[in-house]
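Hi everyone, thanks for coming. Let me put the structure up, and then I'll walk you through it.

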Amino acid sequence: MTEEKKDFFVSNISLSYQYTAGNATTRFLNKVAEGKLVAQKCPKCSAVYVPPRGSCPRCGVATEEELELPDTGAVESFTIVHIPIPGNPIVPPYVSAMIRLDGADISFLHLIQEIDLADIRIGMRVQAVWKDRSEWGTTLENIKWFKPTGEADVDPSVFKFKE
Amino acid sequence: MTKSSDKELLRASFKLEYPYERSPGPVIGKFFDELSNEVLVGTKNSKGEVFVPAAEFDPKDSEHLSEFVEVKNEGVVQSYTWIKKPRAHHLIQESFAFALISMEGTDSAMLHMIANCNENELEIGKRVKVVWNEEKTQTIRDIKYFEIIDD
Amino acid sequence: MKDIYILAYAQNPIVADAKAANEVELIMPVVHQVFKQTGFTQNDIGFTCSGSCDYLQGAAFAFVEGLSAIQTNPPIKESHVEMDAAWALYESILKIQMGDAETALIYGFGKSSPGDLPFVSTLQTDPYYMSPLWPDKTSLAALQAQLLMNKGVLTKKDMYEALTQSISNAKNNSNALVTAMPSEDDYLSADYLSSPLSAFDCAPISDGASAMIIGTEEAATKLGLQKIKISSVHHSIESSNFGARDLSTSESIIGLGKKINLKSFKPDFVELHTQFTYEIPFIRGLLDLGNVDINLSGGPLAGNVMMAAGLDSIGKSFELLKNNDFHSGLAHASSGPCLQQNMLVHLEKIND
């Protein structure tokens, strides 16, 4: 044998798709493009979902009633990311947090900035920092990050999912 | 079922890639090594049947296969499908055929491509031979395609 | 062995492009329909099992998201197969046989429109010897069709008849996708995608979802509906090394015909999970089905929701038995290139 034996070869799987967001997510993102955060409410258990997925996964029913929520909320949980993630332009260390908007029953992941890393804590009140209106599109990236409001912390017991 | 109109329908194109590194193991690895030397090898079971490309196990009774035999670079078309207009992903972008080809002296067929011919020259039973890729990658693509052997 | 009955079945209208609708929005309507048919809620379901493939729409773990379509509070016994939901039905049957459930909810969904299905299917093939060559689903079926034509097992005319019969029968299914019927001239003169198959020979790219509820005899009796029993079910798979298979026959299908003892009963109809025209005359011959009606629902040639179409052939058989003067039906599900994997299900109407 003339060539050195190769132990591995790289498989060449590459597929192209046209992803669709889903009806509920589409409605949500179209509102985000107008600077509004519109949640959906379960007709059975009244849980409020943002971002909405069109269903209440606890009750297995469609969520249709929509309600606009403020862009303020509290930190339900967080992590400080120290490791650069390939393809992610944000320079570590930075805070990724689960943010519970006021009036919502679930939280979603976003960034927290304009904060000393040592100060981040569960229950901290935060508010969205939006990009300039001219840059808005159908994406949650319209919100650059959340920043502390300086209000008193909320009691973490409010994060308990309503029965 | 679909409530949103096309106007507000959000679509995003994206590419999904899985650049996994695969380990071919001792049998398939040996087959690929030999391909890069422009040699075709198969594996032989205890009944003397030969599988090309080299099989790790007899697909009929799962017998573990480890005896290698070299075979000729010529075979017979067992079935084919002519692709007049190649589609995305196809490696040959001119009319070509996918084919199942039994290499001479073997008892199984190999999936590969046949090119450099017209559709009317191709039929089941036709004899074909390997055309090697100049650049070797120690993969099944070291065979560029097969072409018809002129009688 | 416990007797197991199909209690309900529902299918979404099959569409070529479900557009925005995501997995939850596809699944929820059919799950609600089978609940309505039985009067059940999720609390009456002992086991839930789904079939889907995330590669179809390119969304990793879409099957987990799909769970948001059903009630999971309190937590439920659940499983998923990366296969057609016919195999989710099979797992559910085993679960009931084990005594772990009295009833089961099965659903399958597929959204093929966002991707390039014939090449998504390439990923089912051997990653060393086959998929690097990018053989598409149509070309692999064409290799088998060519061989069968060459051996005189079937002709293009047989394939045309299978197509026209399927499209004509699709009138029986208000959820079917295809209704246009090509003339014989149009069919025979159509350009081949992969010879000898043209676009007419291939099931249409489809989006949709289906659901089914099964249960024990006790559950069926309690419902008081017409009883449709799963009398027998078997499945088998052949080697993924299809170069080592004899593609002019199918050991899997012939073997299943024997296992299900097809000699001992004569089905009033057969629903086949056939994604290409040639497969209909081919399987008719393999199982020696004579002139029995095949795919009265139109079958996959009139709408082929990946990962649901196999369950549909069983569900449509259930509906045919329920709504007609039929007593016995045979349903088939399949998977993999060149009918690599198959399932046969014998369904019977039981009159108390």
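This is a predicted model: local features need pLDDT of at least 70, side-chain atom pairs count only at pLDDT 80 or more; totals for chains, interfaces and linings use all residues.

Residues are numbered from 1 along each chain as its sequence is written, chains are lettered from A and ligands numbered from 1 in the order in which they are written, and side-chain values use heavy atoms, with hydrogens and water left out.

Back to chain A. Strand 3 of chain A, residues 37-41, pairs with strand 4 of chain A in the antiparallel sense over two bridges; pairing takes at least two DSSP bridges between the strands. Both belong to an open sheet of three strands, ordered 4-3-7 with antiparallel pairing. Its edge strands, pairing on one side only, are strand 4 (48-49) and strand 7 (65-69) of chain A.

Now over to chain C. You'll find eleven helices and twelve strands there, taken as DSSP runs numbered from the N terminus (helices: H or I, at least four residues; strands: E, at least two). Chain C is as compact as a globular protein of its 352 residues, because its radius of gyration is 19 Å, close to the 20 Å of the globule rule (C-alpha atoms; 2.2 Å times the number of residues to the power 0.38). Its C-alpha trace spans about 55 × 45 × 40 Å along the principal axes. And 65% of the residues of chain C count as buried, meaning under 20% relative accessible area (1.4 Å probe, protein chains only).

Definitions and conventions:
Buried means under 20% relative accessible area, exposed over 50%, partly exposed in between (1.4 Å probe, protein chains only).
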